[in-house]
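Please find below some brief notes on the model.

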Amino acid sequence: MIKTVSILGSTGSIGTQSLEVCEKHGIKVTALAAHSSIDMLEQQARKFMPSKVCIYRDDKYSELKERLADTGIKVLSGMDGLCEIAVMEESDIVLNSVVGMVGLLPTLTAMEAGKNVALANKETLVAGGKIVTELAKKKGVTIYPIDSEHSAVFQCLQGNKREQLSKMILTASGGPFFGYTYDQLRNVTKEQALKHPNWDMGNKITIDSATLMNKGLEFIEAKWLFNLRPDQIEIVVHRQSVVHSAVEYNDYSVIAQMGVPDMKIPIQYALLYPDRMECPTGRLSLTDYGKLTFEKPDYDTFKCLSAAIEAIKRGGAYPCLVNSANEEAVRAFLHDEIKFIQIGEIVSSVLDKFEYFDINSYEDVTKADTMAREYVRSVISK
Ligand code: MG
């Protein structure tokens, strides 16, 4: 069982829930990092007294440093700060829950230093799947998935042989617009898109859940984490979010992991693995649900989902390109610059826009990232 953790992205939804888990089980927090919420970061720092904190936004650095002057906590900023936290000697594990591509370099840096990583930042594996998994192998470090679906698979694999796994059944809530036709999606608003039926999450991932891009990203993440071929992953819409995912073995036995939709369960499993202790969450009552439903996703309406799957089938830089295009498109949607359906149009168009190229280094990832973002900005400004 781990005793110390560094948390990157501590003021977000996963970060705050991770701190609840740490508090409950007496896990010492050695470092905290946040994007820009200095009020909350200051509160967390005073409560958990880590030795270092990092604020990603450089312009907030002086104020945070001043506010924490009486604590003796070392204050850092920017990507350098995130990477300094990722390699701290005194941390048993690095929990990475930052939003977006920004999470990739700290993940690589932590692994390079021989750290195990509890990973909630799915873009790390989507954009840099090949280099991340190769580095993990080379350094002998483990990635503990925090995404609920991947945690479910990780749990279903316990006591079984990975090489006898024949399929993963990746469940999807379907988001707030399940059942909508493409025409009905034309007029959905930001407020509607930000209302998720089951999960309470940050804005980026909530929009990704509404477009089903989130499931596309998880499809890619699953391929890398569990070394699966795309044809071994089946997406099933399961509106109640009780079955967090399932696996099928060679004998066609299917094992699923269930629980209330609460991220504290996968967070805690990643931090306490292989131990299971009481979690600060509710218990699952199957009879309260009564009925669980399973349906096929609508790949024609939810273009982000089909684009992400096509991207991983093609391989190379395509997963990174669709991910970065999506990040830009979601940012534009949240700033009222484009309509909801344009996110899917933009993400799909990336597949036609760029020729195949390989990803062999972090530099290749940043090259693909920049290309996709510049392209999306040029499309939006037209
Ligand atoms: Mg998930």
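1. The model is predicted. Counted in this way, the protein has 17 helices and eleven strands.

2. On overall dimensions, the C-alpha trace spans about 55 × 50 × 40 Å along the principal axes. The radius of gyration is 20 Å, which agrees with a compact globule, because a chain of 382 residues in that form would have a value near 21 Å.

3. How much of the protein is buried? Of the 382 residues, 57% are buried. The accessible surface comes to about 16300 Å², and carbon and sulfur atoms account for 48% of that area.

4. On contacts, take those between residues at least 6 apart in sequence: 67% of them join residues at least 24 apart.

5. On charge, there are 50 negative and 43 positive side chains in the protein. The centres of these two sets lie 1 Å apart.

6. Strand 9 covers residues 233–237, and four of its five residues are buried, so the strand is largely enclosed by the rest of the structure. The cut-off for buried is under 20% relative accessible area.

7. Which strand pairs with strand 9 in the parallel sense over five bridges? The partner is strand 8, residues 165–172.

Notes: Residues numbered from 1 in each chain as written. Predicted model: local features only at pLDDT ≥ 70, side-chain atom pairs only at ≥ 80, totals over all residues. Heavy atoms only, no water. Helix = DSSP H or I, 4+ residues; strand = E, 2+ residues; numbered from the N terminus. Rg over C-alpha atoms; globule rule 2.2 N^0.38 Å. Buried < 20%, exposed > 50% of the residue type's maximum accessible area, 1.4 Å probe, protein only. Contact = heavy atoms within 4.5 Å. Areas by Shrake-Rupley, 256 points an atom, 1.4 Å probe, with all protein chains shown as cover. Lys, Arg positive; Asp, Glu negative; His and termini not counted. Charge placed at Lys NZ, Arg CZ, Asp CG, Glu CD. Pairing = 2+ DSSP bridges.
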